[in-house]
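Reader: Hi! Could you walk me through this one with me asking as we go?
Author: Happy to, just ask away.

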Number of protein chains: 6
Amino acid sequence: MDIPPRQAELTDELKAALTSVSTATITSQLQRRGYQNCFLSGLKPLNEGQSMIGYAHTLRYVPARPDLAGLLGSNAQREAAESIEPGEVLIVEARGETDAGTIGDIYAMRAKYRGCVGVITDGSLRDTPAIKALGMPVYHQSSHAAVLGRLHTPLSHQVPIACAGVTVMPGDIIVGDGEGAVVIPAAMLEEIAAASTKMEIAEEFAIERVAEGAPTTGYFPLADENRPEFEAWLAKRNS
Amino acid sequence: MDIPPRQAELTDELKAALTSVSTATITSQLQRRGYQNCFLSGLKPLNEGQSMIGYAHTLRYVPARPDLAGLLGSNAQREAAESIEPGEVLIVEARGETDAGTIGDIYAMRAKYRGCVGVITDGSLRDTPAIKALGMPVYHQSSHAAVLGRLHTPLSHQVPIACAGVTVMPGDIIVGDGEGAVVIPAAMLEEIAAASTKMEIAEEFAIERVAEGAPTTGYFPLADENRPEFEAWLAKRNS
Amino acid sequence: MDIPPRQAELTDELKAALTSVSTATITSQLQRRGYQNCFLSGLKPLNEGQSMIGYAHTLRYVPARPDLAGLLGSNAQREAAESIEPGEVLIVEARGETDAGTIGDIYAMRAKYRGCVGVITDGSLRDTPAIKALGMPVYHQSSHAAVLGRLHTPLSHQVPIACAGVTVMPGDIIVGDGEGAVVIPAAMLEEIAAASTKMEIAEEFAIERVAEGAPTTGYFPLADENRPEFEAWLAKRNS
Amino acid sequence: MDIPPRQAELTDELKAALTSVSTATITSQLQRRGYQNCFLSGLKPLNEGQSMIGYAHTLRYVPARPDLAGLLGSNAQREAAESIEPGEVLIVEARGETDAGTIGDIYAMRAKYRGCVGVITDGSLRDTPAIKALGMPVYHQSSHAAVLGRLHTPLSHQVPIACAGVTVMPGDIIVGDGEGAVVIPAAMLEEIAAASTKMEIAEEFAIERVAEGAPTTGYFPLADENRPEFEAWLAKRNS
Amino acid sequence: MDIPPRQAELTDELKAALTSVSTATITSQLQRRGYQNCFLSGLKPLNEGQSMIGYAHTLRYVPARPDLAGLLGSNAQREAAESIEPGEVLIVEARGETDAGTIGDIYAMRAKYRGCVGVITDGSLRDTPAIKALGMPVYHQSSHAAVLGRLHTPLSHQVPIACAGVTVMPGDIIVGDGEGAVVIPAAMLEEIAAASTKMEIAEEFAIERVAEGAPTTGYFPLADENRPEFEAWLAKRNS
Amino acid sequence: MDIPPRQAELTDELKAALTSVSTATITSQLQRRGYQNCFLSGLKPLNEGQSMIGYAHTLRYVPARPDLAGLLGSNAQREAAESIEPGEVLIVEARGETDAGTIGDIYAMRAKYRGCVGVITDGSLRDTPAIKALGMPVYHQSSHAAVLGRLHTPLSHQVPIACAGVTVMPGDIIVGDGEGAVVIPAAMLEEIAAASTKMEIAEEFAIERVAEGAPTTGYFPLADENRPEFEAWLAKRNS
């Protein structure tokens, strides 16, 4: 399968929309459309309160095998760091193996210099303190100081990968917040952004009411009999 | 089995006693009385330095099954959030499954509004940043943005549950600190509070001596030959 | 096997060298020399930004067995805390079992009083908030309030142990930073300190160049054609 | 929730239909109707080539707790063995914990004497050789000689349970073959039996063709252009 | 700790007693005396219907470390195989790691030639088909063809070990049947043999009654009112 | 990376050589040459005593994603079954996920009809009894009746995969016996066949001597002083 050219354009408006909603809302909208496996399971944010949005730049590792570098004739990890484009998130398939590092500080710095807006690995980060100091959003499973050759050989980049239970295609949109990160298939970008914004407003209304003492029943989800009340609230909010 | 009416009254004195000792001390006293499975294994506090005490309000999830809502005729999650009483802790059995959310921000807000004093789940929290902002004590295994239907259907509330390796009966007392949370069977409340206070004082003495350079031998545990010294210290402490 | 007397002397210079490099660098140098299993897998620092260096003082737990205390005639945990020497790190083999505490606050305090410079367990810490307040560097897998007898009986100390995937001999050197901790076999101390310092300088150069926009290619690792540039940089740095 | 009276009647015809198809076929038909969690994950047959069909008689264990027997006033394990009806399968929720037995030989014998047609546990069997000698179909995760009190206390029977990732209601239909066992919600019994029979016939046709050298394409699944060929085959088969 | 000389003598009578009862019965008797961790968890018999009894000859592996062979000056695996005595069982601590072999065919053959009566490993067997052909009882967790150096270095033999959740001292008695294997502390040998025999007879009586249609109540466990019936049965059985 | 044309020819002689030695021997020879990850970890043979050799025909699954079939425009599973060549082994990457089937009976039959000589999956087999009846060698982790869409979408075939901890390239040689299966990189075929044959003969000698009562020391591995004895034995064996 050849990866088609980028299928989605992350405009400023879409970025604003998607970073103003939670990954919980986005995930919920994807689930309603049949995407059950879209939130990266078991990864945690490196920095408190971090937020992230960008295009997936994928990188695939396979179990270490000494003849692979020769067969491949290149180092996919370096290629990824040296070819990543502004606005992209470097996302690594490490088969959930945590007993060796995957991305270290120098490749992370180089990617950041080139405009990379975040790093995700379902394995371990290496040089965690130095990467934390970079201030770039990172989602990872664990940390480990061993070099990747202990477990992994880089195979290829910008190919479909499986990361933390989610299939990621190059060019998919990835959004992260304090809970974790979610993958939006490129073709779903506009639909999900619109639906998430709408849902978040409905929840804002519910939250206001619940904060005032209303029961969840009738407000979460919104019941038909409360729709006029919601519409009035919405009109006022948007005015 | 019908759940009998609340068997223990958490007076202000008992609250003060149990929150002035550590969960380690309480767990130790329960173990001495044969309760080996009382500390919730593998759950971590959401907020640094949080402390919690309350009655268990239990909620049970089972694996997702599409006909269950119809068979049950009600949503036990909503019922729990809408019926929880002041001073109760909402505690969820999620079979340790972390790949979907269990409690989200709106139900957590509602429970808090009704007087709920804490939330515990052996699965994943959803809307973690929003729940963290509520400031309520929470113990959980992980975080996940997927709605609970990905894995779970709520079955019933205020029934016996298994959470993080502990059997919890509605009305049991739950105490939490920076280490985690422990379940005190309702009928053991007064005995455990008294014994824990006593043990903590003995450890306070040991800690003072060790801080001054005494060996642990003879002070931890207290040896008979040091009992007079302890009694003198205790008399002074209480004067 | 008898443990020979201490085989390495941790001079102030060696301490300075090893705490000025990362555990990632040390691990990498050990891996190049065939030591694939030297970084403690899956343990996390208790305190943000902690740093640690010392000699291993090992302690071994085995599954709880009621006749063992009688057969042994002593408590290896107490013996370790009461015999630990200044500059040593107390490191515990708990078979990765986390459902009970291993080291609690009083033994940790005593060890610290005697000059212990850090605690490591591949099981759970007990009295986590109190130990955190001690300010001593700690690496652990989890926290649990149950006393150790729920799972463990101390067997012996200052014997070879397996901790978090690493074989540790008494007197080995342990270095910790924000990523985790690594075990340096005593006989490798000087070689690793020298090689790590040298590697860290080469990486410092690469990091400077990458921060200025250079590609990783040619600088990480250093290519022959850039060696003169590096040598010039190094001469300037050291002047 | 009260468990309603038995909702499905397992006639001889339905039994014959469901034991002449594979659990793979039944599971597939349930999945098409939205039941994704119906096959018991990770359990293996005790006896080579065993086959089983019956009504679920559920039994729930929770983590061992010394006051529970007193609170409950009865032993749900004994009650289950002494009240099980002919044609029922005893199915146990043991939270997937395998380090203690759940069902032993004497209760299994008693259940068999009363007409029980199979035993399922997502924990460990106890007295495995003796139970194997009974010749009753059994699905289990592992074997362990410890008595159940090491980990479990029986809580109740004929209540909804979670077993091996599946929610089971008393009176559901359970079918087992050499692959494992699947739970059919009682209300789905006739629909699933009919659909499974139909699907199995279509697969019988595909298998015949593939065995003769046909490609899977067009036969698995059946393409419209091959429907006449299938109809002719079917007419001949049924004549 | 020095290992004292063998503390228990496995007479022919004791052997006969212990191999005529099940490991479930022995485990149950050990549990009643406070030995909760005595049955080896998660190990399976290599040969259908195998039975085993002998003295523990322990062997300990630690994570692979290249300098260890030099430090130790000997190969504990070879030493174990070359020094094992008739009637001993070779039992290996492999930390539950299964991704490399532990015991292979040649060492197993040698041990068998010397009179070894069984092999146990909580890791993987290597050369499984060849070892199966030897016909010696084996309990293991898995099989793997890699040589042990991939994960392990042998450290010592005839020392206390932790195997499959059980602490084993050299000279302990190990009994195996179709369910698995159990470790009897040497000092408990006679007491456990006697108690197990007695319990097995009581269960034989219960089984007979249950097979005839009696309920478990009153017979399992034996109620006082049925004791005369049991005594009569026993008198007849022993006559 | 394009997969180059087949790089190794599995002649009858090489087949004979590799099936007359054990996977343990082959794995050992690969390890000596730096291939630490070559034996498929945790997979078990479906049929007692099965033996297998062939070229790898790889198939890769990724986590289920509803838009993938459309993006790909083909079904890699069907393509693999319909294009597999005589003498090939179908080997599936299922990320070790066992809660759904991967290969079922009809695709297995088709592959066998086309000359496929074995099936390997690091996930679950589906239709296990029917596949067992085919008599084809199979290595798998578990069995599950759910259709693969519960967890997986086929992505591509004849691409590099990671299966059970091993990187497999299309055209690699796979050998299986009663212990499991090992992957030989195509370029290593002749070297490994020769070295394995040689090693197996040396072990045959050692086994004979050990069977006669010789110690392993000096014979396993062969010591220089016993080389003349070995050479004499070898001359006689080959005459």
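Reader: How many bridges join strand 3 of chain B to strand 5 of chain B?
Author: Four, and strand 3 and strand 5 (residues 118-121) of chain B run parallel. Strands here are DSSP runs of E with at least two residues, helices are runs of H or I with at least four, and both are numbered from the N terminus. Two strands pair if DSSP finds at least two bridges between them. This is a predicted model, where local features need pLDDT of at least 70, side-chain atom pairs count only at pLDDT 80 or more, and totals for chains, interfaces and linings use all residues. Residues are numbered from 1 along each chain as its sequence is written, while chains are lettered from A and ligands numbered from 1 in the order in which they are written.

Reader: Which residue is the bridge partner of B:Leu90 in strand 5 of chain B?
Author: That is B:Val119. Strand 3 of chain B is also joined to strand 2 (residues 52-63) of chain B, by six bridges, and these two run parallel as well. There, B:Leu59 stands opposite B:Val92.

Reader: Is strand 3 of chain B mostly covered or mostly open?
Author: Mostly covered, with six of its six residues buried. Buried means that 20 or more other C-beta atoms lie within 10 Å of the residue's own, exposed means 12 or fewer, and partly exposed is in between, with C-beta atoms placed from the backbone. B:Glu88, B:Leu90 and B:Val92 point one way, and B:Val89, B:Ile91 and B:Glu93 point the other way.

Reader: Switching to chain A, how many residues of helix 5 are buried?
Author: Eight of the nine in helix 5 (residues 105-113) of chain A. Among them are A:Ile106, A:Tyr107 and A:Met109.

Reader: What covers them?
Author: The cover includes helix 4 (76-83), strand 3 (88-93), strand 4 (101-103), strand 5 (118-121) and helix 6 (128-134) of chain A, together with helix 7 (189-211) of chain C. Just after helix 5 of chain A, A:Gly115 takes a positive phi of about 110°.

Reader: And where is A:Leu18 found?
Author: In helix 1 (residues 12-19) of chain A. A:Leu18 is buried because 24 other C-beta atoms lie within 10 Å. Leaving out residues up to four places away in sequence, A:Leu18 touches A:Ile26, A:Ile53, A:Val175, A:Ala193 and A:Ser196. Contact means that the C-beta atoms of two residues, placed from the backbone, lie within 7 Å.

Reader: On to interfaces: how many residues of chain C are in contact with chain B?
Author: 23 residues of chain C are in contact with 25 residues of chain B. Helix 5 of chain C gives the most to its side, with five residues. That side of chain C divides into nine nonpolar, seven polar and seven charged residues. Nonpolar covers Ala, Val, Leu, Ile, Met, Phe, Trp, Tyr, Cys and Pro, charged covers Asp, Glu, Lys and Arg, and the others, Gly among them, are polar.

Reader: How far apart are the nearest C-alpha atoms of chain A and chain E?
Author: They are 12 Å apart, and chain A and chain E do not touch.
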